[in-house]
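Q: I am new to this structure and would like to learn how to read its features one by one. Please go through them with me.

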Amino acid sequence: MMRLQNYIGGELVAPRGGRTLDNIEPATGEVYGSIPDSDAADVADAVAAAKAAYPGWSRMPASERSALMLRVAEIIDARCDELARAESKDNGKPVALARAVDIPRAAANFRFFATAILHVSSESHSTDTRAINITMRQPFGVAGLISPWNLPLYLFTWKIAPALAAGNTAVAKPSELTPATAFLLAEICREAGLPPGVLNIVHGLGAKAGAAIVEHPDVTAISFTGGTQTGAAIARTAAPMFKKLSLELGGKNPNIVFADADLDEALRTSKRAAFSNQGQICLCGSRLFVERAVYDEFVERFVAATRQIVIGDPQDERTEHGALVSAAHRDKVCGYIDLARQEGGTLRCGGQRPKGLPERVAGGYFVEPTVLTDLDVQCRVNQEEIFGPVVTITPFDDERQVIAHANSVPYGLAASVWTRDISRAHRVARDLQSGTVWVNCWMLRDLRVPFGGVKQSGVGREGGLEALRFFTEPKNVCIATPEL
Ligand code: NAD
């Protein structure tokens, strides 16, 4: 049994109340460890530790903060295999995916912000000959960081790294469904020599430990990634306390294939966009729109390719498609597949629990990659976030129509457009209501670019300088320059 602990003031500690939650392996459905069921008292300890560490950390020369964070990145890289196995076991994702994407990107997050902070400059403005305004960006104190289960270490560090690089200290909570790599990160921070209290990690339920972070008066800013409803609840608490808020929420992303596209590449990448991480990436292209001239061919080839996806034990190196994160989430996804039938959809492939799974994972939360067609653009399956291995394919006749279809959902996180016509790519990208538009690619990330959504996909932007802006406050010092 793996017994996880909180990381508070540099120590690994049990929750004050002594209560724990089961940690379940989604691929087997079995309990394999326990995590602290923390409450407001644990959060109060963590905030106190973060407050105590703040003066030292915020005044430490940026080069020293940077060196400590680079050491964290180095250790993540060195322990990549162990972290990938832990994340795969915790989350149900294929170990090969965790090793190739999640863990290297977590190290990259630390490396990117550790070096970015060395290049930040302040601004100054001369006010005629009367004054010089110096605008500094300063850290603000304790940041509250709350992350989801789908890309556990990657999204956790995507918040921690800029918060710490900017000179803040933090209280962070991973999802209670996937706590293992956050626990290992605590060990790594200790090994790297991060001063006690700079980063504090509190495990537990969202409504208890998470809510206590949001409610704590000494937590100045909240950076949250998760569901839209949770984001709304957090905003209701944080707004009247005038906390700084960054909310990265749900998506229902369109993936638009025009007839002039490189169809081989569009097919290959659209399959990845639909089913990577069992469709549990906020950026997954879950609504495919294909121009009518190539629709039949595309659907046929897409379904054939989907049937080739290797489903199996996530810990097996050959597995491409693992388990969903929990029984409740599996049931939600299957509920949408049933709803699709009621809404008149045609099930082209998948929709079942896979057959012939290895004995070890016979009790796991698996759902086959599923392709649906013939659904109305306005139906619930096409409007609501499913966040699983379910993609719908809809034909379209022209550019205007597909833009209207794409924009018809309440979300606006990411979109892909496949075409060889550069003018069309520009027009469509301009008109899509989306924080990111990929043209002839998907999930190609550059850590310098702003990342986030519009509409119900959130407010604020993460990534690069936007993140450093969020985690600092501008302060203007106006110095009079009287004529001598
Ligand atoms: P969730 O909202 O259920 O939980 C996210 C985190 O918030 C967890 O750590 C949870 O414990 C905590 N939480 C829950 N209730 C809380 C409360 N009342 N106060 C404070 N914290 C609380 O989301 P999830 O199911 O873990 O993640 C899936 C969702 O995340 C999907 O909607 C997905 O689209 C979204 N997501 C968005 C992005 C993005 O960048 N926009 C990235 C990944 C996932």
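Q: Which side chain has an N or O atom 2.6 Å from an oxygen atom of the ligand?
A: Some background comes before the case. This is a predicted model, in which local features need pLDDT of at least 70 and side-chain atom pairs count only at pLDDT 80 or more, while totals for chains, interfaces and linings use all residues. Residues are numbered from 1 along each chain as its sequence is written, and side-chain values use heavy atoms, with hydrogens and water left out. A polar contact is a pair of N or O atoms within 3.5 Å; within protein, one must be able to donate a hydrogen and the other to accept it, and residues adjacent in sequence count only if both atoms are side-chain atoms. Here the side chain of Glu-176 has such an atom 2.6 Å from an oxygen atom of the ligand. The side chain of Thr-230 also has an N or O atom 2.6 Å from a ligand oxygen. With Leu-249 the backbone takes part: one of its N or O atoms lies 2.7 Å from a nitrogen atom of the ligand.

Q: How much of the ligand does the protein bury?
A: Accessible areas come from the Shrake-Rupley method with a 1.4 Å probe; for residues, only the protein chains shown count as cover. Taken alone, the ligand exposes 840 Å², and the protein buries 86% of that.

Q: Which elements give two or more residues to the shell around the ligand?
A: Helices (H or I, at least four residues) and strands (E, at least two) are DSSP runs, numbered from the N terminus. The elements in question are α7 (206-215), β11 (219-225) and α8 (228-238). Of these, α7 gives the most, with 3 residues.

Q: Which residues come nearest to the ligand?
A: A residue is near a molecule or strand if one of its heavy atoms lies within 4 Å of it. There are 28 residues around the ligand, and those that come nearest are Ser-147, Glu-176, Thr-230, Leu-249 and Glu-385.

Q: How do I read the two faces of a strand?
A: In a regular strand the side chains alternate between the two faces of the sheet. Strand β4 (residues 20-25) has Leu-21, Asn-23 and Glu-25 on its covered face, and Thr-20, Asp-22 and Ile-24 on the uncovered one.

Q: In which sense do β4 and β5 pair, parallel or antiparallel?
A: Two strands pair if DSSP finds at least two bridges between them. β4 and strand β5 (residues 30-36) pair in the antiparallel sense over 6 bridges. Leu-21 has Ile-35 of β5 as its bridge partner. The two strands form a hairpin with 4 residues between them, and Gly-29 in the turn has a positive phi of about 75°.

Q: How many residues of β17 are buried?
A: Buried means under 20% relative accessible area, exposed over 50%, and partly exposed in between (1.4 Å probe, protein chains only). In strand β17 (residues 390-396), 7 of its 7 residues are buried. Both faces are covered, with Val-390, Thr-392, Thr-394 and Phe-396 on one side and Val-391, Ile-393 and Pro-395 on the other.

Q: Which strands run parallel to β17?
A: Strand β14 (residues 285-291) runs parallel to β17 and is joined to it by 5 bridges, with Arg-287 opposite Thr-392. Strand β16 (residues 370-373) pairs with β17 in the parallel sense over 4 bridges, and there Val-371 stands opposite Val-391.

Q: Where is Phe-242, and is it buried or exposed?
A: Phe-242 lies in the loop between α8 and β12 (244-248). Its relative accessibility is 75%, so Phe-242 counts as exposed. Phe-242 has a positive phi of about 55° although it is not a glycine.

Q: Where is Phe-387?
A: Phe-387 is in the loop between α12 (380-383) and β17. Its phi is near 60°, a positive value in a residue other than glycine. Phe-387 counts as buried because its relative accessibility is 17%.

Q: What does the side chain of Asn-91 reach?
A: Asn-91 is in helix α3 (residues 80-91) and is buried, with a relative accessible area of 0%. Its side chain reaches the backbone oxygen of Trp-149 at 2.7 Å.
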